[in-house]
Amino acid sequence: MPPRPKKFICTFCRNEQSYIDYKNSKLLSGFITYYRSMQSRFHTGVCLKHQKQLANAIKKSRIMALLPFVRYEKKK
Amino acid sequence: MLQKYEILAIIDSSLDEKKAEQQAQESVNKRIQEAGGKITFEDFWGARGFAYKIGKQTWGYYFCAQFELESKEMLELKRDLNIDGKIIRFLISKLDNHSPAPMTHTEIETQWTSQEKERKISEMDSKKAKRTNVPKKEVIVEDDEEETTKKSVEKESLKKMEKKTEPKKDIIDRKLDEILEDSSLDL
């Protein structure tokens, strides 16, 4: 059997980035769904090592109100 | 034991921008220095909106600092910051030896935008490469035409084979009929 081709490459591995900053809210907002919950590793293609760091960074930035916990909809 | 820390604090939005900067110096930096710590880096972000409401407030001033402090003094510092009315919220995190050099908020954003641009350019290049690969497929189609001619030849040969086999069957049938019609056998 030939080796299975890799669909995704981890974005943090490609940039050789070992530390994910919780203050960089623009970067983290790319790894969040429409309802502002965390995006799974299956869809984003992040490796396991960086997904664990990313989850901690998102949780920290939520505490400091840089990212929302849930989607806020304005009343009409 | 000396350890490196990082603090991010939110200051009340009822103050002006200049007063808020002074307030951060008073409530954060002075307390650390009194406890025997040393501030290595500080950065005042300015006004910024919250992602959700915190006690009827929609925006505040952000202040980030890195410092070295004895780990015993940490409890007292946290207690003092909790009592302080002008600080809405704060978060203290440990720093390792592996953590990168401190950056201001504007530097982080500019670095992110440059990385994002590079990523988009690489995506466009990959899409262009896919488009250029299309004519190669046409070459394969020409090969297919040759295969189709081969297939057609095979089909014709099969038809000929069928034609050859048909008369044999007829001969067998005739013989069977002859045998059946023979009265001498008494079937």
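This is a predicted model: local features need pLDDT of at least 70, side-chain atom pairs count only at pLDDT 80 or more; totals for chains, interfaces and linings use all residues.

Me: What is the average pLDDT of chain A, and of chain B?
Reply: pLDDT is the predictor's confidence in each residue, from 0 to 100. Chain A averages 85, with 87% of its residues at 70 or above. Chain B averages 84, and 88% of its residues score at least 70. For the model, ipTM is 0.81 and pTM is 0.70.

Me: Where in chain A is confidence lowest, and where highest?
Reply: The lowest is helix α1 (residues 11-14) of chain A, at a mean of 84, and the highest is helix α4 (residues 48-63) of chain A, at 94.

Me: OK, secondary structure. How many helices and strands does chain A have?
Reply: Chain A has four helices and zero strands. Here helices (H or I, at least four residues) and strands (E, at least two) are DSSP runs, numbered from the N terminus.

Me: And what pattern does chain B follow?
Reply: Along the sequence, chain B reads β-α-β-β-α-β-α-α, which comes to four helices and four strands.

Me: How many residues of each chain are in the contact?
Reply: Chain B gives 15 residues and chain A gives 17 residues. Two residues are in contact if their C-beta atoms, placed from the backbone, lie within 7 Å.

Me: Which element of chain B gives the most to that side?
Reply: α3(B) does, with five residues. The elements of chain B that give two or more residues there are β2 (38-54), β4 (87-94) and α3 (105-132).

Me: What classes of residue are on that side of chain B?
Reply: There are nine nonpolar, four polar and two charged residues. Ala, Val, Leu, Ile, Met, Phe, Trp, Tyr, Cys and Pro count as nonpolar, Asp, Glu, Lys and Arg as charged, and the others, Gly among them, as polar.

Me: Next topic. Which residues have the most contacts inside the largest nonpolar core?
Reply: A9(B), I11(B) and F63(B), in a core of 17 residues. A nonpolar core is a set of buried Ala, Val, Leu, Ile, Met, Phe, Trp, Tyr and Cys residues joined through C-beta atoms within 7 Å. A residue is buried if 20 or more other C-beta atoms lie within 10 Å of its own.

Me: Which element gives the most to this core?
Reply: β3(B), with seven residues.

Me: What is F63(B) in contact with?
Reply: Leaving aside neighbours within four places in sequence, F63(B) is in contact with A9(B), I11(B), A24(B), V28(B), F44(B) and W45(B). A second, separate core of twelve residues includes I20(A), Y22(A), F31(A) and A65(A).

Me: Last one, α1(B). Which of its residues are buried?
Reply: A20(B), Q23(B), A24(B) and V28(B) are buried in α1(B). Their cover includes β1, β2 and β3 of chain B.

Me: Where is the kink in α1(B) centred?
Reply: On Q25(B), with a kink of about 25 degrees. The bend at a residue is the angle between axes fitted to the seven residues ending there and the seven starting there. Just after α1(B), G36(B) takes a positive phi of about 95 degrees.

Key
Residues are numbered from 1 along each chain as its sequence is written. Chains are lettered from A and ligands numbered from 1 in the order in which they are written.
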